[in-house]
Amino acid sequence: MSELGYRQILTQPRDHRIAWWAALAITIHIVESALPSPIPGLKLGLANVVVIAVLMLYGWRDALWVALLRVLVGSLLIGTFLTPTFILSLSGAVASMLALGIAYYFSRLLPNWALGALGYSVLAAQAHMLGQFTAAYLLLIPHPALFKLLPVLMTAALVFGVISGMIATAMINNVEKRAHSGTSG
Amino acid sequence: MLRRGDYLVFLATLLLLPWLYFTLWGDQRAGAYAQILVGGDQQALVSLHQPQTIEVEGALGLSILEIVDGKIRFITSACQGKQCIHRGWINLGGEVVSCLPNQVSIAILGGEQRFDAINF
């Protein structure tokens, strides 16, 4: 208890780290939301680069925090909180974090078959799209014609996953280089 | 840079995508059988997956039908207008070609029906 009568919450270095990375993800998310998109839900997903980098550098739990904070704070700042866009975004994030969680612990169990940033990124993009699509089908447009879009969306997710994975690889290399040379990023 | 697990992900994706295109974009409306009618009575029920030519005796004379690659058409007809021949190939569930003068008609059965009923 402090003198003022409230209990002080002590922040750990991990909290600062998560906040720092989440802020980066939110910024990218907001900048990207200004770009027009031909189909709702179809976008590059550059904020996921940050999630992949955090996953590779600090593990799945931190990545989960960053991903969920990105969806929550991003939607509050853009003004889409609790709208269909938010629901799609959240279901995509939850699906991709589940897939990443399975892949992450699989990689730890079998280090010979571990995934790199590119594999995680493609997997996350595909799971994100599937989760988002399932939510769109169940909640928004329960029409079988929606399935005609799925192959195109999944192809786009593959392409975007590869691009994000390449950016994440470069980002991780850079962070590790800075960590080794002693300056903080 | 690439690890073995990455190749697993790529392999799974490259198997998933063609499967998605094949199952979701494939034509689900194609029919499996053709019903051949002469004057309203069923003359034959034939599979569209067995290539053959069929001779049907109509009111005016002989009509010859051809089945190739899951589709069927009139190739000869004893009628005057040859409308039935000009209709060309049909293969989707619910499609019908009929030669009114010769009273021979073909209806495709099976597949996703596009129409509930057709009136002539």
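This is a predicted model: local features need pLDDT of at least 70, side-chain atom pairs count only at pLDDT 80 or more; totals for chains, interfaces and linings use all residues.
How many bridges join strand β4 of chain B to strand β5 of chain B?

Residues are numbered from 1 along each chain as its sequence is written, and chains are lettered from A and ligands numbered from 1 in the order in which they are written.

Let me start with chain A. Its secondary structure comes to six helices and zero strands, where helices (H or I, at least four residues) and strands (E, at least two) are DSSP runs, numbered from the N terminus. Walk along the sequence and you read α-α-α-α-α-α. The C-alpha trace of chain A spans about 60 × 45 × 30 Å along its principal axes. For 185 residues, a compact globule would have a radius of gyration near 16 Å, and the 18 Å of chain A agrees with that. The radius here is taken over C-alpha atoms, and the globule rule is 2.2 Å times the number of residues to the power 0.38.

How much of chain A is buried? Buried residues make up 38% of its 185 residues. I call a residue buried if 20 or more other C-beta atoms lie within 10 Å of its own, exposed if 12 or fewer, and partly exposed in between, with C-beta atoms placed from the backbone. Helix α5 of chain A, residues 117-140, is mostly covered, with 19 of its 24 residues buried. From first C-alpha to last, α5(A) reaches 33 Å, close to the 34 Å expected at 1.5 Å a residue; that expectation is 1.5 Å times one less than the number of residues.

Ile28(A) counts as partly exposed because it has 19 C-beta neighbours inside 10 Å. Leaving aside neighbours within four places in sequence, Ile28(A) is in contact with Leu46(A), Ala47(A) and Val50(A). By contact I mean that the C-beta atoms, placed from the backbone, lie within 7 Å. Ile28(A) and Ala47(A) are 19 residues apart in sequence, yet 5.5 Å apart in space, C-alpha to C-alpha. For chain A overall, among contacts between residues at least 6 apart in sequence, 75% join residues at least 24 apart.

Now over to chain B, and back to my opening question. Strand β4 (residues 62-68) and strand β5 (residues 71-76) of chain B run antiparallel and are joined by five bridges. Two strands pair if DSSP finds at least two bridges between them. If you want to trace the pairs, Ile64(B) has Thr76(B) as its bridge partner, Glu66(B) has Arg73(B), and Ile67(B) stands opposite Ile72(B). The hairpin of β4(B) and β5(B) has two residues between the strands, and Asp69(B) there takes a positive phi near 50°.

In β4(B), Ser63(B), Leu65(B) and Ile67(B) make up the covered face, while Leu62(B), Ile64(B), Glu66(B) and Val68(B) make up the uncovered one.

Chain B also has an open antiparallel sheet of four strands, in the order β2-β1-β7-β6. Its edges are β2 (41-47) and β6 (96-99), each with a single partner strand, so one side of each has no neighbour in the sheet. Inside this sheet, β1 (residues 33-38) and β7 (residues 104-109) of chain B pair in the antiparallel sense over six bridges, with Leu109(B) the partner of Tyr33(B).

Last stop, the place where the chains meet: 15 residues of chain B are in contact with 19 residues of chain A. On the chain B side they divide into ten nonpolar, two polar and three charged. In that count, Ala, Val, Leu, Ile, Met, Phe, Trp, Tyr, Cys and Pro are nonpolar, Asp, Glu, Lys and Arg are charged, and the others, Gly among them, are polar. Thanks, everyone!

Key: Two residues are in contact if their C-beta atoms, placed from the backbone, lie within 7 Å.
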